[in-house]
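Q: I should like to learn how to read the features of a structural model in an orderly way. Could we work through one together?

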Amino acid sequence: MVAVTEFLYIISAALFVLALRWMSSPETARRAVVAAVTAMIVAVGGTLLHPEIVTYKWIAIAAIAGTVVGYPLSRVPLTAVPERTGLSQAFGGLAAALVGTAKYYLWLHEGGLNSFRMGVVSGEVILGCLTATGGLMAAGKLAEYIPTRPLTYKGQNIVSITLLVVAIGLSGLLVWDPTQSWAFPIVIVLALIFGVLLILPIGGADMPTVISFLNSYAGLSAVAMGFVLENKLLIVAGALDGSSGFVLSIIMCRAMNRSVTNVLFGAFGSVQARAAVAEQRTAKSATAVDAAELLSNADSVVIIPGYGMAVAQAQHRVRDLFDQLSKRGVDVKFAVHPVAGRMPGHMNVLLAEADIPYDRLVEMEDVNPEMPQVSVALVIGANDVVNPAARTDEKSPIYGMPIIDADKAHTVLAIKRSMNPGFAGIENELYFANNTLMLFGDAKAVIGDVVKQLSGESAGH
Amino acid sequence: MRLDLLTTLLFFFMLATFLGLDIIRRVSRLLHTPLMSLTNAISSIAVVGAIILAGEAKDPLTTTLGAIAVFASTTNLVSGYLITHRMLGMFKKRESK
């Protein structure tokens, strides 16, 4: 019976690998979900055959409860996907921590504890606990239940690292003498607190990176569980998840020109004192009529969406604009910055939801060389990712960050609610440039007006 | 003797990590959000460990912790797959007019 389970696990692991391979393009991606679901069914089926299981009662009750809670979580609006992801990572961490804890007490009472087991159990519990509270904190920040500004105090990094060192030290003691069971709950508590402290100082703008990191930790907790249960499938699946989170974190860090340590310990965006920009400058503003005329006479338009577009729920109006302009033979593209949105790839999903064909979504690297030939760059709710200070102002906190060169287009139209600086709290030179026209107001209303102008015009012809 | 097991498992971990890094680098940037929800769902493979704990009926503590772990993993499993499926369904090419 156990042999059957082991063979089924091999099939399951192969299917997981295939699933991730098929994520390489939107055409094959739907197959990926089918493969991953099959992998999970095979693995769970194989596990249920395990002879050590004597009752299915609690398994069934817990699985039904999980399904009841899981289903609504899959129906959240797409703007809330980052929070859901954070929550899911917290649950993953929790599961690992609970299994580790259960195994520790089981072995402690049965006398099966040795230093190998103690070492891997400690690893699993520490990783699991910090992912659990870290994921919850990240979800809280993303849903804005917790302030998105970095919360910092003096000596913060020292306190956090001390906590982790003590937790690891106590684990070392347990490895040396597993019967020192008083230390185990302390390790749990310290790891839980460490998870909270890890996320507190991180600002809202860094959330895409943080969520990727947590993905990695959730994967590593599964790996640690694999070591505890001596289960190779858990190790393989966890390692795939862990490396995915790692690759995404690196991509996010590069897209912001920041190092990993800087994201985790730098408290980005905490520098609020910007006394330098004191002089009052005026930006030129335009009306929907001006904008409609400008856009309909353009050869090519590049739309640069930011999270502000999603907040205003303007995606569908943007789609109408895209249709109107395409109908007139204007070449419309969407330039998506890697960190636009609140998690990796978030903006692409939001645009796809509005039925914008994905072959119109272009990468920052591909669009930048073309920007000087573009007639109009339309910035909707994006801010830091089009801030030319990243190229020119060495003192700016975002200096060196790759940006979409909106300012190089012949004309820039920027839709903004007000002149307040964005998420990271940095002034944007783009709005004061000579070739920039501002459209003040709610993105949805402004684009709606522009579309009305355009469709009114075409009806008149 | 335990060293033997540790090295075998570490071997699996090492190889799977390199494989993972290589595959993930090829994932389309368009799909990074669905990728993350899919890997979330995949990491709910932890359910496998939790199922045995909840079903062994060794003592009430183990059963309780195991059952909560099954609950947490199933939540991830169900919501992760469904939302990935939902998001992927939105990626369409330009329709031919």
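**The interface and the helices**

A: We begin where the chains meet: 97 residues of chain A are in contact with 79 residues of chain B. The model is a predicted one.

Q: Which elements give two or more residues to the side of chain A that touches chain B?

A: In general, the size of an interface is often given as the accessible area lost when the parts come together. Here the contributing elements may be listed instead: helix 1 (2-21), helix 2 (29-48), helix 3 (57-73), helix 4 (81-110), helix 8 (207-229), helix 9 (232-255), helix 14 (346-353) and strand 3 (361-363) of chain A each give two or more residues. Helix 4 of chain A supplies the largest share, 16 residues. By residue class, this side of chain A holds 60 nonpolar, 25 polar and 12 charged residues.

Q: How many helices and strands does chain A have?

A: Chain A has 17 helices and 6 strands. Its C-alpha atoms fill a box of roughly 85 × 50 × 35 Å along the principal axes. Of the 461 residues of chain A, 54% count as buried. Among contacts in chain A between residues at least 6 apart in sequence, 80% join residues at least 24 apart.

Q: How do the axes of helix 2 of chain A and helix 4 of chain B come together?

A: Two packed helices are described by the angle between their axes and the distance between the axes. In this case the axes of helix 2 of chain A and helix 4 of chain B come within 9 Å and cross at roughly 165°. That angle makes the two helices roughly antiparallel, since angles over 145 degrees fall in that class. The crossing of helix 2 of chain A with helix 4 of chain B is left-handed.

Q: Which residues meet in the contact between helix 2 of chain A and helix 4 of chain B?

A: Helix 2 of chain A brings A:Ala29, A:Arg30, A:Val33, A:Ala36, A:Val37 and A:Met40, which meet B:Leu77, B:Tyr81, B:Thr84, B:His85 and B:Leu88 in helix 4 of chain B. The residues of this contact divide into 8 nonpolar, 2 polar and 1 charged.

Q: What covers the buried residues of helix 2 of chain A?

A: An α-helix has 3.6 residues a turn, so residues three or four places apart point the same way. The buried residues of helix 2 of chain A include A:Ala29, A:Ala32, A:Val33, A:Ala36, A:Ala39, A:Met40 and A:Ala43. Their cover includes helix 1 and helix 9 of chain A, together with helix 2 (32-43), helix 3 and helix 4 of chain B.

Q: How far apart are the end C-alpha atoms of helix 2 of chain A, and what span should its 20 residues have?

A: At 1.5 Å a residue, the 20 residues of helix 2 of chain A should span 28 Å, and the end C-alpha atoms are 29 Å apart, which agrees. Helix 5 (residues 115-142) of chain A can be read in the same manner: its 28 residues should span 40 Å, and its end C-alpha atoms are 40 Å apart, which agrees. Helix 5 of chain A is mostly covered, with 24 of its 28 residues buried.

Q: How do helix 6 and helix 7 of chain A cross?

A: The axes of helix 6 (residues 156-176) and helix 7 (residues 183-199) of chain A come within 9 Å and cross at roughly 155°. Helix 6 and helix 7 of chain A are therefore roughly antiparallel to each other, and their crossing is left-handed. Among the residues of helix 6 of chain A in this contact are A:Leu163, A:Leu170 and A:Leu174, and among those of helix 7 of chain A are A:Phe184, A:Leu190 and A:Phe194. The contact divides into 18 nonpolar, 2 polar and no charged residues.

Q: Which value of phi does A:Asn257 have?

A: Most residues other than glycine have a negative phi, and most peptide bonds are trans. Phi of A:Asn257, however, is positive, near 55°. A:Asn257 lies in the loop between helix 9 and helix 10 (260-265) of chain A. B:Ala57 also has a positive phi, near 55°, and lies in the loop between helix 3 (47-56) and helix 4 (60-88) of chain B. Helix 5 of chain A is followed by A:Glu144, with a positive phi near 60°.

Q: Is A:Met256 buried or exposed?

A: A:Met256 counts as buried because 25 C-beta neighbours lie inside 10 Å. A:Met256 is in the loop between helix 9 and helix 10 of chain A. Leaving aside residues up to four places away in sequence, A:Met256 touches A:Val339 and A:Met401. The C-alpha atoms of A:Met256 and A:Pro402 are separated by 6.6 Å, although the two residues are 146 apart along the chain.

How values were computed:
Residues are numbered from 1 along each chain as its sequence is written. Chains are lettered from A and ligands numbered from 1 in the order in which they are written. This is a predicted model: local features need pLDDT of at least 70, side-chain atom pairs count only at pLDDT 80 or more; totals for chains, interfaces and linings use all residues. Two residues are in contact if their C-beta atoms, placed from the backbone, lie within 7 Å. Helices (H or I, at least four residues) and strands (E, at least two) are DSSP runs, numbered from the N terminus. Ala, Val, Leu, Ile, Met, Phe, Trp, Tyr, Cys and Pro count as nonpolar, Asp, Glu, Lys and Arg as charged, and the others, Gly among them, as polar. A residue is buried if 20 or more other C-beta atoms lie within 10 Å of its own, exposed if 12 or fewer, and partly exposed in between; C-beta atoms are placed from the backbone. Axes are lines fitted to C-alpha atoms, for helices over the stretch in contact, and angles run from 0 to 180 degrees between N-to-C directions. Angles under 35 degrees count as roughly parallel, over 145 as roughly antiparallel, 65 to 115 as roughly perpendicular and the rest as oblique. A crossing is left-handed if the near helix is turned anticlockwise from the far one by less than a right angle, and right-handed if clockwise. The expected span of a helix is 1.5 Å times one less than its number of residues.
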